[in-house]
Amino acid sequence: MAAAADSECKRSLDRRPSSSSFRLRCSSLNSLRLRRVFDIFDKNRDGLITVQEIHQALTRLGLETDVSDLDSTIRSFIKSGNIGLTYDGFVALHESLDQRLFGLEMEEVAEEDESESDLTEAFKVFDEDGDGYISAEELQAVLGKLGLPEGREIDRVEKMICCVDQNHDGRVDFFEFKHMMQSVVVHTS
């Protein structure tokens, strides 16, 4: 059993880096991530994200939001006649918030510093207890909050950890997380 898990981990780690550093702002990678987030938020799979669905997802992640504030922020991105955001509206909202919150065009930001900051923030989402490691239980909790089926199966979560855990201590530290993120290959058609 352990040999099978080890071979699964080795296969998963045999990915070529797409570049010398992870870039969250890479358009194809960012587009893939936005699509995944959209699909996670779209609980009823109708192709629209309502203000209520966004509010519920943010609440599950521990981010307190006022529904009326959220509605006023999102309303202008919802096409007339729709009850929620389409994927294109969600992308436009993301771009607007990015510019409003950071006040810079993407090209003006030093990508290396930005990618390190993005990675640190992403890592903190999974490192719920702030000890500098992502345990299988923490990963399972976040996946569960996002409503992903993996969140219900600790065996699958432990395999995910195993595939990233280079020093075999049973958890993922920031450098292992960073290496995993740098190894992601996005195939475009």
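This is a predicted model: local features need pLDDT of at least 70, side-chain atom pairs count only at pLDDT 80 or more; totals for chains, interfaces and linings use all residues.
F123 belongs to helix 6 (residues 111-126) and F174 to helix 9, so the pair ties together parts 51 residues apart in sequence.

Next, show F126 and F177. Their ring centres lie 6.3 Å apart with planes at 50°, so this pair is tilted. It too links distant parts of the chain, from F126 in helix 6 to F177 in helix 9. F177 is buried, at 6% relative accessible area. The structure has seven aromatic pairs.

Stay on helix 9, residues 174-182, and colour its buried residues: F174, E176, F177 and M181. They span an arc of only 165° around the axis, which puts them on the same side of helix 9. At its N-terminal end, find the cap, D173. A side-chain oxygen of D173 is 3.0 Å from the backbone nitrogen of F175.

Move to the largest nonpolar core, which has 20 residues. Select F41, I49, I54, L70, I74, L85 and F90, the members that touch the most others. Helix 2 (27-41), helix 3 (51-60), helix 4 (67-74) and helix 5 (87-102) each give two or more residues to this core. A second, separate core holds 13 residues, among them V157, V164, V172 and F174.

Finish with two arginines. The charged end of R35 sits over the ring of Y87, 4.4 Å from its centre. The charged end of R171 sits over the ring of Y133, at 3.5 Å from the centre.

Notes:
Residues are numbered from 1 along each chain as its sequence is written. Side-chain values use heavy atoms; hydrogens and water are left out. Buried means under 20% relative accessible area, exposed over 50%, partly exposed in between (1.4 Å probe, protein chains only). Helices (H or I, at least four residues) and strands (E, at least two) are DSSP runs, numbered from the N terminus. The arc is that of the directions from the helix axis to the C-beta atoms. A polar contact is a pair of N or O atoms within 3.5 Å; within protein, one must be able to donate a hydrogen and the other to accept it, and residues adjacent in sequence count only if both atoms are side-chain atoms. A nonpolar core is a set of buried Ala, Val, Leu, Ile, Met, Phe, Trp, Tyr and Cys residues joined through side-chain atoms within 4.5 Å. Rings of Phe, Tyr and Trp (its six-membered ring) pair if their centres lie within 6.5 Å; planes under 30 degrees apart count as stacked, over 60 as edge-to-face and the rest as tilted. A charge sits over a ring if NZ of Lys or CZ of Arg is within 6 Å of the ring centre and within 35 degrees of the ring normal.
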